[in-house]
Amino acid sequence: MPSPKRILVATDFSDSADAALAYAVDLAKALGAKVMLLHAYELPVYDFPNGTIVSSAEFAETIVDAAKQSLTTACKAHARPGVEIGTVLEQGIAWNEINRVAAEIGADLIVLGTHGRHGLKRAVLGSVAERVVRTATQPVLTVHAGN
């Protein structure tokens, strides 16, 4: 199997995602690969007795602006000579967008942070990493930032 040349890293800006990005950048440097940092977000939808209200345009713009700034900050924090890091911001269900973008950019590897939740927390909050591991067509590497 050839070494990865395009590594997709998904982030939710958590400590575990930061650890995954650090690992991916080190790996990319060693392999001469490129890194693409992805953040996928969903706009909150509010239900009221008289109907459903979707987030306002101003609120959506605030989310997008904050995500763009966080992507830029993460790239600057992990910049290494000889490693190209690009960013992509997508609206949609995280695990689905990770798989879609991985296919779109021809990623050879997906790197994700994992919170290591189990039990009730995992059942309630779900696991993006688990869903990606089960559905991705590319190899997936999970990184846990221990607490």
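Predicted model: local features only at pLDDT ≥ 70, side-chain atom pairs only at ≥ 80, totals over all residues.
A residue counts as buried when its relative accessible area is under 20%.

**Strand 6 and its partners**
- In a regular strand the side chains alternate between the two faces of the sheet.
- Strand 6 is covered on both faces, with L109, V111 and G113 buried on one side and I110, L112 and T114 buried on the other.
- Strand 1 and strand 6 run parallel and are joined by four bridges; within strand 6, I110 is the residue opposite L8.
- Strand 7 also runs parallel to strand 6, to which five bridges join it; here V111 stands opposite L141 of strand 7.

**Helix 1**
- Helix 1 comprises 17 residues (15-31) and reaches 24 Å from its first C-alpha to its last, close to the 24 Å expected at 1.5 Å a residue.
- Its buried residues are S16, A17, A20, L21, A24, V25 and A28.
- An α-helix has 3.6 residues a turn, so residues three or four places apart point the same way.
- The cover over the buried residues of helix 1 includes helix 2 (57-77) together with strand 1 (6-10), strand 2 (34-41), strand 5 (85-91), strand 6 (109-114) and strand 7 (140-144).

**Aromatic rings**
- The count of aromatic pairs is zero.
- The charged end of R131 sits over the ring of W95, at 4.1 Å from the ring centre.

Definitions and conventions. Residues numbered from 1 in each chain as written. Heavy atoms only, no water. Phe/Tyr/Trp six-rings, centres within 6.5 Å; stacked < 30°, edge-to-face > 60°. Lys NZ or Arg CZ within 6 Å of the ring centre and 35° of its normal. Helix = DSSP H or I, 4+ residues; strand = E, 2+ residues; numbered from the N terminus. Expected span 1.5 Å × (residues − 1). Buried < 20%, exposed > 50% of the residue type's maximum accessible area, 1.4 Å probe, protein only. Contact = heavy atoms within 4.5 Å. Pairing = 2+ DSSP bridges.
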